[in-house]
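Open the model in your viewer and keep the selection tool at hand. The tour moves from stop to stop, with a selection at each.

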Amino acid sequence: MSYLMVLQNSSSQPLVVTFCFFFAWVLILLIFWSTWTVIKDTVNQAAQLHQIPCAKCQFFTRNYYLKCTIHPSTALSEAAIGCPDFQAITNPYTASSLGSSQKLKWGQKSGRSKTMRSNERTIMYR
């Protein structure tokens, strides 16, 4: 009886090895396919979010409580992609339009003296 079980096990072993081989490759292919779809969906979502024009709009306030003065409920969302009230920033004195010579470099002093800063603090706390 035990001799018959050994024959049966040895005859089914190539079938089990073949099944495991194909199952392992199918599992590897599914992992690569799901990774590819996640990357593709992430790139598509990022491309769509980069179409939101709010940061370049004149009515965008950069304030957490009131993001846009005209459409506060749709500001910085996908609904703002086709905003009919979009106007590009035309103010030449915004922080993003300052030239590199006007911006302070890392570790550079602002030019105000210590006495001026201490006087400003006393005025603020009065």
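Start with the rings: the structure holds 3 aromatic pairs. Note as you go that this is a predicted model.

**Stop 1: Phe19 and Phe23.** Select both side chains. How far apart are the centres of the two rings, and at what angle are the planes? The centres are 6.2 Å apart and the planes meet at 15°. Planes under 30 degrees apart count as stacked, so this pair is stacked.

Stop 2: Phe21 belongs to helix α1, which spans residues 2–49. Is Phe21 buried or partly exposed? Its relative accessible area is 47%, so it counts as partly exposed. Phe22 has 52% relative accessibility and therefore counts as exposed, since the cut-off for exposed is over 50%.

Stop 3: Switch to a surface view.

**Stop 4: the cysteines.** Select the sulfur atoms. How many disulfides does the structure hold? The count is 0. Pick Cys54, which is in no disulfide. The nearest cysteine sulfur belongs to Cys68 and is 6.3 Å away. A disulfide needs the two sulfur atoms within 2.5 Å, so the 6.3 Å between Cys54 and Cys68 rules one out. Cys54 is buried, with a relative accessible area of 9%. Then pick Cys20: at 44% relative accessibility, this residue is partly exposed.

**Stop 5: Lys67 and Tyr64.** Select both side chains and look down on the ring. Lys67 lies over the face of Tyr64, at 5.6 Å from the ring centre.

**Stop 6: Phe86.** Where does Phe86 sit? Look in the loop between α1 and α2 (114–125). Phe86 is partly exposed, with a relative accessible area of 33%.

Note on methods: Residues are numbered from 1 along each chain as its sequence is written. This is a predicted model: local features need pLDDT of at least 70, side-chain atom pairs count only at pLDDT 80 or more; totals for chains, interfaces and linings use all residues. Side-chain values use heavy atoms; hydrogens and water are left out. Helices (H or I, at least four residues) and strands (E, at least two) are DSSP runs, numbered from the N terminus. Buried means under 20% relative accessible area, exposed over 50%, partly exposed in between (1.4 Å probe, protein chains only). Rings of Phe, Tyr and Trp (its six-membered ring) pair if their centres lie within 6.5 Å; planes under 30 degrees apart count as stacked, over 60 as edge-to-face and the rest as tilted. A charge sits over a ring if NZ of Lys or CZ of Arg is within 6 Å of the ring centre and within 35 degrees of the ring normal.
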